[in-house]
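Here is a friendly tour of the fold, the helix packing and the surroundings of the ligand. Please keep the model open as you read.

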Amino acid sequence: MTYRVRSAEQRRAEIQERAAAMGIDDAFIAHLVDTFYTRVRAHERLGPIFAGAIEDWDEHLPKMKDFWSSVAMSTGRYSGKPVLAHQKLSGAAQEDFAVWLGLFEQTVHDLAPSPDVIPYFMERAQRIAESLKLAMFTLPSLRKSSEP
Ligand code: HEM
């Protein structure tokens, strides 16, 4: 068996080529993030959770554009700590993640420049949602149950 060893730079270039071929660019990401959070803020369940935690949307939206450009196009623009940001959230329940993902999928579906963009974003969103849920709900309760 032969292995192809690629540098981080080559991997990044491949991701960027793949994303560009699907029509993913800064303009699409900006439109996706703006539309998604407009819908989040109007949502019966999610709206109040975000309203209670975010004071300055002019700060949150550019951060989320950097996040998705890093996730989808490997731009390296985002360098925050999503786990910590969600661990301090009160008012979000485990079931809300399915609602978040449903609304995100609908938005990606409505705006996607090509059909492949839908699974491309959803696989990544689901994977990150799982790790956030683990940090918010599973790990704290494991820790509690191991306390003397
Ligand atoms: C029910 C589900 C979710 C809720 C209620 C929620 C809520 C929030 C809130 C209120 C903030 C702002 C926190 C702050 O500024 O202190 C935030 C930040 C953020 N969220 Fe979520 N979120 C959810 C799911 C997700 C998912 C699934 C992802 C990724 C796929 C995500 C990615 C992020 C990122 C990257 C930040 C910025 C963290 C930072 O660097 O400050 N969130 N979220």
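The protein has seven helices and zero strands, where helices (H or I, at least four residues) and strands (E, at least two) are DSSP runs numbered from the N terminus. Along the sequence the pattern reads α-α-α-α-α-α-α. This is a predicted model, in which local features need pLDDT of at least 70 and side-chain atom pairs count only at pLDDT 80 or more, while totals for chains, interfaces and linings use all residues. Residues are numbered from 1 along each chain as its sequence is written.

The C-alpha trace spans about 50 × 40 × 25 Å along its principal axes. Of the 148 residues, 13% count as buried, meaning that 20 or more other C-beta atoms, placed from the backbone, lie within 10 Å of the residue's own.

**Helix packing**

Two packed helices are described by the angle between their axes and the distance between the axes. Here the axes are lines fitted to C-alpha atoms over the stretch in contact, with angles from 0 to 180 degrees between N-to-C directions.

| Helix pair | Axes come within | Crossing angle |
|---|---|---|
| H2 and H4 | 9 Å | roughly 130 degrees |
| H6 and H7 | 10 Å | roughly 165 degrees |

The angle for H2 and H4 makes H2 oblique to H4, whereas H6 and H7 are roughly antiparallel to each other. In these terms, angles under 35 degrees count as roughly parallel, over 145 as roughly antiparallel, 65 to 115 as roughly perpendicular and the rest as oblique.

The crossing of H2 and H4 is right-handed, and H6 also passes H7 in a right-handed crossing; right-handed means that the near helix is turned clockwise from the far one by less than a right angle.

Residues of H2 in its contact with H4 include Ile 29, Val 33 and Tyr 37, and those of H4 include Leu 61, Met 64 and Trp 68. Contact means C-beta atoms, placed from the backbone, within 7 Å. In the other pair, residues including Phe 97, Leu 101 and Phe 104 of H6 meet a set in H7 that includes Phe 121, Met 122 and Ala 125. This contact of H6 with H7 has 10 nonpolar, two polar and two charged residues. Ala, Val, Leu, Ile, Met, Phe, Trp, Tyr, Cys and Pro count as nonpolar, Asp, Glu, Lys and Arg as charged, and the others, Gly among them, as polar.

**Around the ligand**

Which helix supplies the largest share of the shell around the ligand? H7 does, with four residues. H3 (46–53), H4 (57–73), H5 (82–87), H6 (96–111) and H7 (117–145) each supply at least two. The shell divides into 15 nonpolar, two polar and three charged residues. Of the 20 residues around the ligand (C-beta atom, placed from the backbone, within 6 Å), Ala 53, Gly 80, Ala 85, Asp 96 and Ile 128 come nearest.

Key: Contact = placed C-beta atoms within 7 Å. Buried ≥ 20, exposed ≤ 12 C-beta atoms within 10 Å, placed from the backbone.
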